[in-house]
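Please read it beside the sequence and the model.

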Amino acid sequence: MTALPEFLKGNEALAYGALRAGLTAFYGYPITPSSEIPETLAAKVGRPEFPRFRVFLQAASELEAINLAIGTAATGARTMTATSGPGFSLKQEGISYAAAMELPLLIVNVNRAGPGLGNLGPEQSDYFQATRGGGHGGYRTIVLAPDSVPEMARLPALAFSLAFRYRTPVIVLTDAFLGQLKEDLPVPDVAPEEWDTSWAATGARGPVRHVLSSLHLELADQNRHSRHLAAKYAEIARTEQRSEDVATDDADVVLVAFGICARLARAAVGSMRARGLRVGLLRPITLAPFPRDRIDDLVLSGVRRFLVLELNHGQMVDDVALAAAGRAEVRGLTEVGGLLPTSAAIGAAVEAMAVSPTPLVAAEEVDA
Amino acid sequence: MVATVSDALPRAHVSVDAERCKGCDLCVVVCAPRNLRLRPEFNRAGYHPVEFRYQGDRGECTACGLCYWVCPDFAITSVDRRVP
Amino acid sequence: MSAAVGYATKWGALPTLTGAPTHYCAGCEHGTLTRLLASAIEARQARERAVLVSSVGCSVLAHEYLNVDAVQAPHGRAPAVMAGIKRARPDLLVFGVQGDGDAVSIGLLELVNAANRGEPISIFLVNNAIYGMTGGQMAPTTPAGMVTTTTPNGRDVATTGRPFDATRLLLGLDGPAYLRRVFLPVAPTGSADVFNARGALDGEAAIRHAFEVQERGGFSFVEFVSTCWVNWKVSILESKRYAARVLAPLFPPGLYRDRFGVEAR
């Protein structure tokens with residue numbers, strides 16, 4: 001393989017990461033701030049350094065893109081589509097079908113700001129839509145959140161690995177800032193993994209045929225299928241939580257942040273530690289399954305204060321609070337509209353929390 | 001189906017799976033010699049299934065197969081022609 | 001030589017049919033089309049490379065009856081799913097059955113763009129001029145004046161548009177290589193109680209040609225003018241007469257494009 005360029009935008013890095021992971025087909029509809037992904041890939045079809053990448057198609061719509069990807073995924077080939085919020089909404093129909101038909105598929109959402117057309121700044125306001133199964137019918141997806149350009153390049157391989165292991169759509173939720181951010185990119189040269197695709201619809205052999213359908217007209221059949229999906233999601237929740245800890249060992253306040261906010265939080269941890277405040281960072285890498293076990297560990301090890309930093313009106317804070325289950329104080333610091341919280345605002349919020357009375361639950365535990 | 005039969009038997013035979021038949025009449029109306037008809041009895045699904053009868057009142061079955069081709073329920077299971 | 005006489009099967013069981021009883025109403029062309037598809041697949045010895053895309057509507061269960069690999073598409077999206085399969089695996093024979101609501105209303109974008117790109121897939125449209133599975137609502141192809149559950153006074157073309165001619169729409173594009181329209185129902189003849197079965201025979205040929213066009217790299221589309229007596233609220237045979245009287249002039253059968261000349265040979 002040829003070495004990758006060494007200084008790339010996040011979106012470009014993600015495209016290269018997908019190629020490195022054995023991408024066969026990309027389908028997308030242009031939307032800012034994700035368009036560098038199709039633009040990067042369009043020039044790579046047929047290039048000898050990426051022999052598996054055979055199909056690039058600019059679709060006529062977001063709906064067409066996700067359904068082209070569904071078709072390719074049904075053959076067992078690796079496929080991806082990329083979009084931003086308005087397009088992510090349109091793709092929800094297809095994601096629901098892909099989840100129901102258990103198709104491995106990678107969907108990238110470079111989150112922009114606001115409901116409706118909003119603007120082109122960064123937000124994390126699609127968190128709920130991504131982590132709760134944004135379409136109809138009660139399914140879940142795996143959601144990965146990179147926080148650097150190198151991680152934008154690394155996560156597609158993990159995404160495909162999880163998508164094929166569990167036969168489920170996987171979402172990479174990133175944001176306008178990370179998509180456009182340029183960084184050095186040391187990417188290890190790894191060969192694509194191989195997975196079982198014996199379930200794929202590629203022509204029937206003798207009595208064996210494969211029907212990939214989301215329709216289960218018999219109530220008992222749908223009941224069985226829904227329970228099967230739920231069991232799969234439970235297994236994923238049990239075994240696939242991923243996160244990164246920064247200086248949480250002795251922390252009085254643990255920041256919880258993903259994506260671009262994790263970078264802000266990482267910097268804040270450094271500067272506040274320098275001022276003697278014991279602050280740490282928990283960075284979820286899987287937003288779904290949410291790393292609730294890690295929150296639980298931190299609570300059991302004595303952490304009583306979590307400050308959730310996110311670019312929305314407060315979404316991930318709910319997951320932190322659910323995991324803390326009343327055993328710790330959970331506050332949120334949010335910013336919206338494409339703006340980022342200032343380091344002063346983060347510092348003030350941490351200080352306010354650090355000097356606040358010890359949460360009631362913790363106080364009782366201390367007395368006991 | 002190969003069996004020794006007499007020359008007196010018809011030139012062709014149409015087999016019907018009465019339980020698949022929904023009695024839609026399509027095979028009946030495309031058969032000009034009227035070699036098919038709906039039975040007065042019901043099948044298990046409650047339809048009057050079609051049956052093949054040897055004595056057409058307008059002519060004999062020629063194994064043209066139109067009944068087979070129009071049947072939406074694959075209830076005409078085979079059309080056999082007398083050999084030699 | 002013995003004078004023994006026996007019988008030999010001229011038309012019999014098709015291994016490409018599963019044998020499952022269909023959910024289609026009695027006399028429905030969806031069932032007829034299913035057998036034609038099975039026959040054409042066998043004629044091309046294509047079962048091992050065939051992938052069916054079933055759409056939403058009465059065609060949604062086609063994979064229960066056709067004994068081939070299959071993928072079910074969201075409502076209207078079948079052409080995109082077909083194209084996604086075909087682009088990943090050009091060696092496969094990819095085809096789909098769509099209804100008029102699926103292909104011409106909710107999925108028109110997918111149909112038109114797949115056609116315009118000349119995707120080498122085969123789409124079989126069952127145009128019965130009404131929404132069957134949802135219970136008889138107006139379709140884009142509903143004739144003027146037809147009473148449906150959402151046009152209780154008959155379709156008013158002044159407010160709901162004229163019946164949508166998908167084949168002629170696609171004819172306006174350069175992409176499709178093969179466009180044919182077949183009148184599939186049994187059709188009335190000069191004799192009051194005799195109908196002809198030409199549609200089924202034409203239909204099987206059209207499917208074989210469509211597959212050949214696909215395997216020569218072209219987009220093929222066959223529209224099957226069909227009936228829906230249950231939702232038209234007439235008898236089975238009256239639905240065939242109505243189709244011949246009203247739908248056939250509205251959607252004239254014929255070969256609209258044959259770029260590779262597959263029918264000439």
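1. C:C28 is buried, with a relative accessibility of 12% (buried means under 20% relative accessible area, exposed over 50%, partly exposed in between; 1.4 Å probe, protein chains only). B:C64, by contrast, is partly exposed at 42%.

2. The model is predicted: local features need pLDDT of at least 70 and side-chain atom pairs pLDDT 80 or more, whereas totals for chains, interfaces and linings use all residues. Residues are numbered from 1 along each chain as written, chains are lettered from A and ligands numbered from 1 in the order written, and side-chain values use heavy atoms, without hydrogens and water.

3. Over all chains there are zero disulfides, a disulfide being a pair of cysteine sulfur atoms within 2.5 Å. The cysteine sulfur closest to that of B:C64 belongs to B:C67, and at 6.2 Å it is too far for a bond. C:C28 is likewise in no disulfide, as the nearest cysteine sulfur, in C:C58, lies 6.3 Å away.

4. Eight strands form an open sheet with mixed pairing, in the order β10(A)-β3(C)-β2(C)-β4(C)-β5(C)-β11(C)-β8(C)-β12(C). Strands (E, at least two residues) and helices (H or I, at least four) are DSSP runs numbered from the N terminus, and two strands pair if DSSP finds at least two bridges between them.

5. β10 (211-212) of chain A and β12 (254-258) of chain C are the edge strands; each has a single partner, so one side of each lacks a neighbour in the sheet.

6. β4 (residues 93-99) and β5 (residues 122-127), both of chain C, pair in parallel over five bridges. C:F95 has C:S122 in β5(C) as its bridge partner.
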